[in-house]
Amino acid sequence: RDEPDRRDIAYIEDGNILRLDTNDILNQRFFSDLGDFNHDMGVDVETKRRWFGDVESRIKGGLAGVFKTRNVEARRFTYKGSLSAPSARLGPGEIFNQDTIGTGSGQVVLDEVTLDDDSYFARQVIAGAYAMTELAFSERLKLLVGSRFEFGRQSVETFRSPRINDQVNSSANLNTFDVLPALTLSWEVLDDVILRAAASRTVARPNFRALSPAVFRDLQGTIEYQGNPELNRTVLTSGDIRAEWYPTPGESLSASLFYKHFTDPVEQRIESGSRNRFIPINIPSAQNFGAEHALRKNFGFAADAQESLYVDSNL
């Protein structure tokens, strides 16, 4: 991703007029170059057995690996100096020309304001293994149970652009090992009605930018964000029960209750100052619970030609 010469221009209200605010860091020209390299690999093995009569059960296992790197180089420049009053009231297309850019009185010059942590190098390695089995006790009753074992390592090193100084300014390291079990029980009560109960544990990892202390703004340039090298990953423990009805092929009606518990979820903290800044932090825990309803109904009851027309809803 190449971002060459993004220009942010800020004006200040001075009485009934607007003038360029050369004291504001928002008046900035920003250059960045980002390169991502992602490598994913995996292998799965599956076999089938009949342990309960003629009903077929499955056993499955596998290994997976993810390797990601990111290199970001960035430089910032702002306008230093004081424009003469008439020039400061003009639009950007009229302000920045040979008459206003220079070292003379009433002119401005570009001044480098690259931050020590604007550039960074990041690496992520995830190595996982899993084993699962789908036990079919009968044609109607099945139990899916398994677990994933996952090691994760994330690191972010920040520095000024190599064209200025390649000394590492700060670093973040997040190393984790997680055991992530999952279980689903399915019972086909009737030919077209299924009851399901499920429980699982998953993780959500912070992205590279969230681990870097670099300051960045949203696309509108009005809100500042800063990463947090101390972030931890979030562990989610989930459970749900669900009833599904399939009256005809292509039609369904379902209702469910769900619950999620979050350990170390991420929230945004606001740091007040000359400009508010949002910083992600971990809080101890959070909960999420609710109900869901879904419906898919076609119009085949009106005419066979209308069977491909359907309504789909979710609440």
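How much accessible surface does the chain have, and what share of it belongs to carbon and sulfur atoms? The accessible surface comes to about 18,900 Å², with 54% belonging to carbon and sulfur atoms (Shrake-Rupley method, 1.4 Å probe). Keep in mind that this is a predicted model, where local features need pLDDT of at least 70, side-chain atom pairs count only at pLDDT 80 or more, and totals for chains, interfaces and linings use all residues. Residues are numbered from 1 along each chain as its sequence is written, and side-chain values use heavy atoms, leaving out hydrogens and water.

Now for the overall form. The chain has 18 strands and three helices (DSSP runs: E, at least two residues, for strands; H or I, at least four, for helices). Its radius of gyration, taken over C-alpha atoms, is 29 Å, while a compact globule of 315 residues would have one near 20 Å (the rule being 2.2 Å times the number of residues to the power 0.38). Along the principal axes, the C-alpha atoms fill a box of roughly 95 × 55 × 35 Å.

Let's zoom in on Asp8, which sits in strand β1 (residues 2-8). Asp8 counts as buried because its relative accessibility is 16%, and buried means under 20% relative accessible area (1.4 Å probe, protein chains only), with exposed over 50% and partly exposed in between. Leaving aside residues up to four places away in sequence, Asp8 touches Leu26, Asn27, Gln28 and Arg217 (heavy atoms within 4.5 Å).

Over in the loop between β7 (119-136) and β8 (141-159) you'll find Phe137. Phe137 is partly exposed, at 34% relative accessible area.
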